[in-house]
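Please open the structure in a viewer and keep the selection panel at hand.

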Amino acid sequence: MRGINVGSTRKLPMAELRALSIKLGLQRPETYIQSGNLIVDADIEADEVRDLLEKAIAKRFSLRVDIIVRQASQWNGYMTANPFANDAATMPKMLHLYLSRDPLKTSAAKELERKAQSGERMAMAGGALWIDYGANGAGKSKLTPLLVDKACGSPSTGRNWNSVLKIGEMIEARGQRETPSSPRHDHLP
């Protein structure tokens, strides 16, 4: 989920989000930190999970929240696609994986490179946008969420590499993998 629990507005308690997920029929909800990382089992497609959660959150919390949903197998793909994984200069908390709601524009990295500051690097890999903010970090970057959305072509959300790895560990611990014989999917809104 994008843009929740930032500052004093847009509060969405994770315990209440998990309870709401169960009420919606999503199984085994787990959250990671307060920024809207939610893992669920669902017998419906990713777009249906997104629509269900967006409507329920708007009704329950009076918040319009952009939700980006991926299957567990996709998450594993992002982890292996990291274009900066073997770069000693990359700091895990400064490297961000950006996922967009709709298919990523192929020009996203090039568009952002024109606005990047010294030390910032972008790459497209694994169907995602990767931004290494360098030593200055995302907080001092001129690459605002609005610019990232515009470059990506739809609402996007970013997670730093440490969070990407932790979410990957949570998926692994669930002990479920998507298989052709199983209709259930782990989804990551």
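For the first stop, contact means heavy atoms within 4.5 Å. The coordinates are those of a predicted model.

**Stop 1: a helix pair**

Select helix H3, residues 72-81, together with helix H6, residues 161-174. Which residues of H3 meet H6? On the H3 side they are Ala-72, Trp-75 and Met-79. Their partners in H6 are Trp-161, Val-164, Leu-165, Ile-167, Gly-168 and Ile-171. By class, this contact of H3 with H6 comprises 8 nonpolar residues, 1 polar residue and no charged ones.

Next, display the helix axes. Two packed helices are described by the angle between their axes and the distance between the axes. Here the axes of H3 and H6 come within 10 Å and cross at roughly 140°. The crossing in which H3 passes H6 is left-handed.

**Stop 2**

In soluble globular proteins, nonpolar side chains tend to be buried together. Now select Met-1, Leu-12, Leu-17, Leu-53, Ile-57, Val-65 and Ile-67: within the largest nonpolar core, which has 20 residues, these touch the most other members. Helix H1 (14-23), strand S2 (37-42) and helix H2 (46-61) each supply at least two residues of this core. H2 gives the most, with 6 residues.

Centre the view on Leu-12. With residues up to four places away in sequence not counted, Leu-12 touches Ile-4, Asn-5, Leu-17, Ile-57, Phe-61 and Leu-63. A second, separate core has 19 residues, including Ile-39, Leu-95, Trp-161 and Met-170. Trp-161 also belongs to the H6 side of the contact seen at the first stop.

**Stop 3: two loop positions**

Ser-62 is placed in the loop between H2 and H3. Is Ser-62 buried or exposed? Its relative accessible area is 66%, and Ser-62 is therefore exposed. Although Ser-62 is not a glycine, its phi is positive, at about 55°.

Finally, select Ile-33, in the loop between strand S1 (27-32) and S2. Phi of Ile-33 is near 45°, again a positive value in a residue other than glycine. Ile-33 has a relative accessible area of 44% and is therefore partly exposed.

How values were computed: Residues are numbered from 1 along each chain as its sequence is written. This is a predicted model: local features need pLDDT of at least 70, side-chain atom pairs count only at pLDDT 80 or more; totals for chains, interfaces and linings use all residues. Side-chain values use heavy atoms; hydrogens and water are left out. Axes are lines fitted to C-alpha atoms, for helices over the stretch in contact, and angles run from 0 to 180 degrees between N-to-C directions. Helices (H or I, at least four residues) and strands (E, at least two) are DSSP runs, numbered from the N terminus. A crossing is left-handed if the near helix is turned anticlockwise from the far one by less than a right angle, and right-handed if clockwise. Ala, Val, Leu, Ile, Met, Phe, Trp, Tyr, Cys and Pro count as nonpolar, Asp, Glu, Lys and Arg as charged, and the others, Gly among them, as polar. A nonpolar core is a set of buried Ala, Val, Leu, Ile, Met, Phe, Trp, Tyr and Cys residues joined through side-chain atoms within 4.5 Å. Buried means under 20% relative accessible area, exposed over 50%, partly exposed in between (1.4 Å probe, protein chains only).
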